[in-house]
Amino acid sequence: MKALVVYCHPCEESFNAAVRDTAIRTLEDNGHEVRLLDLYKEGFNPVMSAEERRCYNDKDCNIDPVADQLELIRWADMLVFVYPTWWFGLPAMLKGWLDRVWIPHETFQLPEGKGPLKGCMENVKKIAIVTTCGATWLQSKVVGEPGRKTIARGLRYLCCPNCNTLYLAHYKMDASTPQSRKGFLAKVERKLAHL
Amino acid sequence: MRILVLFAHPVETSFQAALYRTVCDELKGAGHEVDALDLYAENFDPRLTREERMDYHDLSKNQTNVAAYVERVQAAEAMVIVTPVWNFGYPAILKGFFDRVFLPGVSFEMVAGKVKPKLKNIRKLAVVTTYGGSFWRAFLVGDPPRRIAKRFLRATFSLATPVAYLAHYDMNRSTDASRTAFLGKVAHRMAHF
């Protein structure tokens, strides 16, 4: 399958970079074709401008600012997100990528009159989320895991109707040990190998 | 009260901009001191940088790039957030405000490995927001922005902080009547904030 790894962390020496490398290696070893989108390295601008917002619903101009990004997500059969969870959600950089790239007419159709919104990204059949949380598992559950839901429910709705999702999180990062991090990388490898 | 009003929409002619004006006017009319923070107008960059991430836990350095915003948050006695919901979350420019400004030493401190909230100066919170999708669709997704307001932000200030969550759902099918009614409701709530 064609896998797009969407990676979002500002520091090359971070644990998230190690997770990214493990994910790419595992996917490649299992015969997938992998492309990497490194949002910080690309200098992606997550802020939707006034002009872009005015064009948002207009299919004649809403593609222009993000055409290359759209091509990437249309190419993919599988999306693999690697990012740190900050304040229970996606980093602003990644949130802005969703806002700017997943636009109407291209990734979903608004209903005419009554009826639900319809997703157009049927090429995406699998979504994996690999993240690190400062919070504990229980704290994350109590707050309701907003970041996880934004992708695994909100974004998934625009993809293939029976799109599979996988969620892997290393909790309590501030208290992590070399052992816990190593264990997590091994888990990422195991799970992604069977995706 | 001194109230920090955070606003996160780029278009001046939008319904959101009308909500923002109504919120500021009504709060001022009720005798509050309003600190209006329009994130787009101030060109706020929501990207936590490499340098900021490296210094994140260094209390002597971590506020350097955002000192002015930290001051405004610390000076507030209440907060009102006016924002659209995009993709079941806050726009990046608002999410990044929390990522970059709610730092160790500002919104929380680590005491014996535990997070202790620190923004006790903020005694009330209101969120005024609009969703493209319906209430039920947001409910099925788990309504992340509502949870961020009612659980995360409340916990950051104090669990006793009252949170008013005013939302107009289903904006894609809104009418003049529904928007006028919502503006009226927001005006009323702000006049009695």
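Biologist: How many residues does the contact take from chain B and from chain A?

Modeller: This is a predicted model, in which local features need pLDDT of at least 70, side-chain atom pairs count only at pLDDT 80 or more, and totals for chains, interfaces and linings use all residues. Residues are numbered from 1 along each chain as its sequence is written, with chains lettered from A and ligands numbered from 1 in the order in which they are written. Residues are in contact if their C-beta atoms, placed from the backbone, lie within 7 Å. The contact takes 31 residues from chain B and 32 from chain A.

Biologist: Which helix gives the largest share of the side of chain B that touches chain A?

Modeller: H2 (50-54), H4 (92-101) and H6 (144-157) of chain B each supply at least two residues of that side; helices (H or I, at least four residues) are DSSP runs numbered from the N terminus. By class, the side of chain B that touches chain A has 16 nonpolar, eight polar and seven charged residues. Six residues, the largest share, come from H4(B).

Biologist: At roughly what angle do H1(A) and H8(A) cross?

Modeller: Helix H1 of chain A covers residues 15-29, helix H8 of chain A covers residues 178-193, and their axes, lines fitted to C-alpha atoms over the stretch in contact, come within 9 Å. The two helices are roughly parallel because their angle, on a scale from 0 to 180 degrees between N-to-C directions, is under 35 degrees. The axes of H1(A) and H8(A) cross at roughly 30 degrees.

Biologist: Within what distance do the axes of H1(B) and H7(B) come?

Modeller: H1(B) spans residues 15-29 and H7(B) residues 176-191, and their axes cross at roughly 25 degrees. H1(B) and H7(B) are therefore roughly parallel to each other. The axes of H1(B) and H7(B) come within 8 Å.

Biologist: Which residues of H7(B) make the contact with H1(B)?

Modeller: From H1(B), the contact is made by B:Phe15, B:Ala18, B:Leu19, B:Thr22, B:Val23, B:Glu26, B:Leu27 and B:Gly29. On the H7(B) side are B:Arg179, B:Leu183, B:Val186, B:Ala187, B:Met190 and B:Ala191.

Biologist: Which residues have the most contacts inside the largest nonpolar core?

Modeller: A nonpolar core joins buried Ala, Val, Leu, Ile, Met, Phe, Trp, Tyr and Cys residues through C-beta atoms within 7 Å, where buried means 20 or more other C-beta atoms within 10 Å of a residue's own. The largest core has 101 residues, and apart from it lies another of eight residues, among them B:Trp86 and B:Phe88. In the largest core, the residues with the most contacts are B:Leu6 and B:Val23.

Technical notes: Parallel < 35°, antiparallel > 145°, perpendicular 65-115°, else oblique. Contact = placed C-beta atoms within 7 Å. Buried ≥ 20, exposed ≤ 12 C-beta atoms within 10 Å, placed from the backbone. Nonpolar A, V, L, I, M, F, W, Y, C, P; charged D, E, K, R; others polar.
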